[in-house]
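Let's walk through this structure together, one side chain at a time. Keep the viewer open as you read.

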Amino acid sequence: MKLTAKITISFVISAFLVMALMVVIITTGIPFAIFFVAFPAIMAVVGYMVAKIITRAVHRLYRSAEIVKSGNLEYSLVEERKDEIGDLSRIFDDLVQEARKERTAAAAFNRENKDQKLSINELNEREEHFRNLFEHSNDAVFICDFDGKIIDVNKKACNMLERTKEELIDSLFWGLHTEEELTKSKRAFKIGEETCSVRFESKFKKKEKETIDVEISSSVVDFNKGVMQNIVCDITERKKLEKALRESEEKFRTFMETASDLMYITDKYGNFVY
């Protein structure tokens, strides 16, 4: 029964009680002054009943709302009533359920966001780690596409060629080779694209037109994007030592072959080795 109906019935009952009291007073000859005493008493009882009907339900609803407000969204506000208070409690309970769902979704989002932040931090740490390895490598590193355009270089590459990173990026890797080595280097680079790895020697031009001997190890790092890594080692000093060794060996051989005396070399056991 609706709350308004309950209140209306209470006042109707009180009206009947007042009328019955008046009839009793008139028919029995009881002094009419009794009416002025009984009427307030009847209205007080009726008022108390009405107030009890309203305030008890409202108080329970208020107490439940305070519990929910404290953070306990698992508490149920539903009043098993068929009046407006029951409807209000059910509406409030629906709002609490929505808040519960939102809190659950927010907690899941926070966990996911936290995991994502951890993943991003790990990725950033790994990226920084590999960037440090790239920048502080003992060899020059050139990252190029399959067309030979330089995408990135490390500090060693800049120092080797006496050029800045801005000068090297977006230039062609072929432009670093001498004219004599260009055809051979392009062919080797093409083989590296097909086999995913190749090693060859060439000559690079430095900024001041000086040339250096280099050994290049090319490998494909991303076939789908067409990216190759070229690790370049300066072997100029090694080449000079090899040349000096060959010249020394040639001089020794000429001296031995053209000597007017008998000359031979043995090992520690007396066996001829030359």
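**A buried aspartate and its surroundings**

D213 has a relative accessibility of 15% and counts as buried; here buried means under 20% relative accessible area, exposed over 50%, and partly exposed in between (1.4 Å probe, protein chains only). What you are looking at is a predicted model, in which local features need pLDDT of at least 70 and side-chain atom pairs count only at pLDDT 80 or more, while totals for chains, interfaces and linings use all residues. Residues are numbered from 1 along each chain as its sequence is written, and side-chain values use heavy atoms, with hydrogens and water left out.

You will find D213 in strand β4 (residues 211-222). Helices (H or I, at least four residues) and strands (E, at least two) are DSSP runs, numbered from the N terminus. Leaving aside residues up to four places away in sequence, D213 touches S202, K203, C233, D234, I235, T236 and K239, where contact means heavy atoms within 4.5 Å.

Now for the charged pairs. A search of the whole structure turns up 12 salt bridges, each being a side-chain nitrogen of Lys or Arg within 4 Å of a carboxyl oxygen of Asp or Glu. One of them joins D152 to K165, with the closest N and O atoms 3.8 Å apart. D152 sits in strand β2 (residues 150-153) and K165 in helix α5 (residues 165-168), so this pair ties together parts that are 13 residues apart in sequence. D152 is buried at 15% relative accessibility, whereas K165 is partly exposed at 27%.

Helix α6 (residues 179-195) holds K184 and E181, three residues apart and thus separated by about one helical turn. Their side chains meet in a salt bridge at 2.8 Å, N to O. E181 is buried, with a relative accessible area of 15%, and K184 is partly exposed at 35%. In helix α6 you will also find E193 and K190, three residues apart, about one turn of the helix. The N to O distance in their salt bridge is 3.7 Å. E193 is buried, at 12% relative accessible area, while K190 is partly exposed at 46%.

Let's turn to the rings. A pair of aromatic rings is described by the distance of the centres and the angle of the planes. The structure holds nine aromatic pairs; rings of Phe, Tyr and Trp (its six-membered ring) pair if their centres lie within 6.5 Å, and planes under 30 degrees apart count as stacked, over 60 as edge-to-face and the rest as tilted. F142 and F204 have ring centres 6.1 Å apart and planes at 85°, so this pair is edge-to-face. The pair links distant parts of the chain, 62 residues apart, with F142 in strand β1 (residues 140-145) and F204 in strand β3 (residues 197-205). F142 is buried at 0% relative accessibility, and F204 is buried with a relative accessible area of 0%.

Another edge-to-face pair is formed by F146 and F223, at 6.0 Å centre to centre with 70° between the planes. F146 lies in the loop between β1 and β2, and F223 in the loop between β4 and β5 (227-234), so the pair ties together parts that are 77 residues apart in sequence. F146 is partly exposed at 21%, whereas F223 is exposed at 53%.
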